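Please look through the structure below and follow the chain from one end to the other before reading on.

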Amino acid sequence: MPAALPAELPEGFAPLPIGGEFIRVNGPLYLKHAGDEVLVGFRVEPRHCNPLKICHGGMLASFADMLLPVTVHRKSTEVGFRFLPTISLQVDYLAPAPLGAWVQGEAQVLRATRNMVFAQGLATADGVPCLRVSGVFKIGPAAPPTPEVIG
């Protein structure tokens, strides 16, 4: 049975189908892709929180590790939908993302070489910058011809 959408999903966002059990269990993530705009988001649920009821840094890092490749897939014609294993991920936590907050990120592709792609992004929690991220990804094989394998 598919998971119910959050009560207050921002306009234009739809579920982001991603293969594998990790995001199925820790997501769901949502995508808004209109022209050059690529936004990825999620609602902070109790299962994402630490005992202080703020989003756990591990969840935010996992979100960041999906935000960058999902953006690369949609913004880089050189890379396209190829598997992008993470080589390096730098995360700076700028502010807390409290229980119930909408976390949304946007990223840029900085450079794509023959073997690697470099990207950076910024995420907000209810409009407040909460996460700055940059990453380096290995350009792997083409993803299977299904939208379910994204990361």
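**The sheet and its surroundings**

Helices (H or I, at least four residues) and strands (E, at least two) are DSSP runs, numbered from the N terminus, and two strands pair if DSSP finds at least two bridges between them. The model is predicted, so local features need pLDDT of at least 70 and side-chain atom pairs count only at pLDDT 80 or more, while totals for chains, interfaces and linings use all residues. Residues are numbered from 1 along each chain as its sequence is written, and side-chain values use heavy atoms, with hydrogens and water left out.

Strand 5 and strand 6 form a hairpin, with three residues between them, and within this pair Gln104 has Thr124 in strand 6 as its bridge partner. Strand 3 and strand 5, in turn, run antiparallel and are joined by five bridges. In general, strands of a sheet pair through backbone hydrogen bonds, either parallel or antiparallel.

Contact means heavy atoms within 4.5 Å.

Met59 has its place in helix 2 and counts as buried, at 10% relative accessibility. Buried means under 20% relative accessible area, exposed over 50%, and partly exposed in between (1.4 Å probe, protein chains only). If residues up to four places away in sequence are not counted, Met59 touches Asn26, Phe42 and His48. Met59 and Gly27 are 32 residues apart in sequence, and their C-alpha atoms are 9.1 Å apart in space. Ser76, in the loop between helix 2 and strand 4, is buried with a relative accessible area of 4%, and it touches Val109 and Ala112, again not counting residues up to four places away in sequence.

We can now turn to charged side chains. Side chains of opposite charge can pair when their charged atoms come close. A salt bridge is a side-chain nitrogen of Lys or Arg within 4 Å of a carboxyl oxygen of Asp or Glu, and the structure holds four salt bridges. One of them joins Glu21 and Arg24, whose closest N and O atoms are 2.6 Å apart; because these residues are three residues apart in helix 1 (residues 21-26), they are separated by about one helical turn. Another is formed by the side chains of Asp92 and Arg132, at 3.0 Å from N to O. This pair links distant parts of the chain, with Asp92 in strand 4 and Arg132 in strand 7, 40 residues apart. Asp92 counts as partly exposed at 24% relative accessibility, and Arg132 is partly exposed with a relative accessible area of 48%.

Which charged residue is buried yet has no salt bridge? This is Arg43, and the nearest side chain of opposite charge, that of Asp126, is 4.3 Å away; Lys and Arg count as positive and Asp and Glu as negative, whereas His and the chain ends are not counted. Arg43 is found in strand 3 (residues 37-43), where it stands opposite Trp102 in strand 5. A polar atom of the side chain of Arg43 lies 2.5 Å from the backbone oxygen of Glu8, and the side chain of Arg43 also reaches the backbone oxygen of Gly100 at 3.0 Å.

Definitions and conventions: A polar contact is a pair of N or O atoms within 3.5 Å; within protein, one must be able to donate a hydrogen and the other to accept it, and residues adjacent in sequence count only if both atoms are side-chain atoms.
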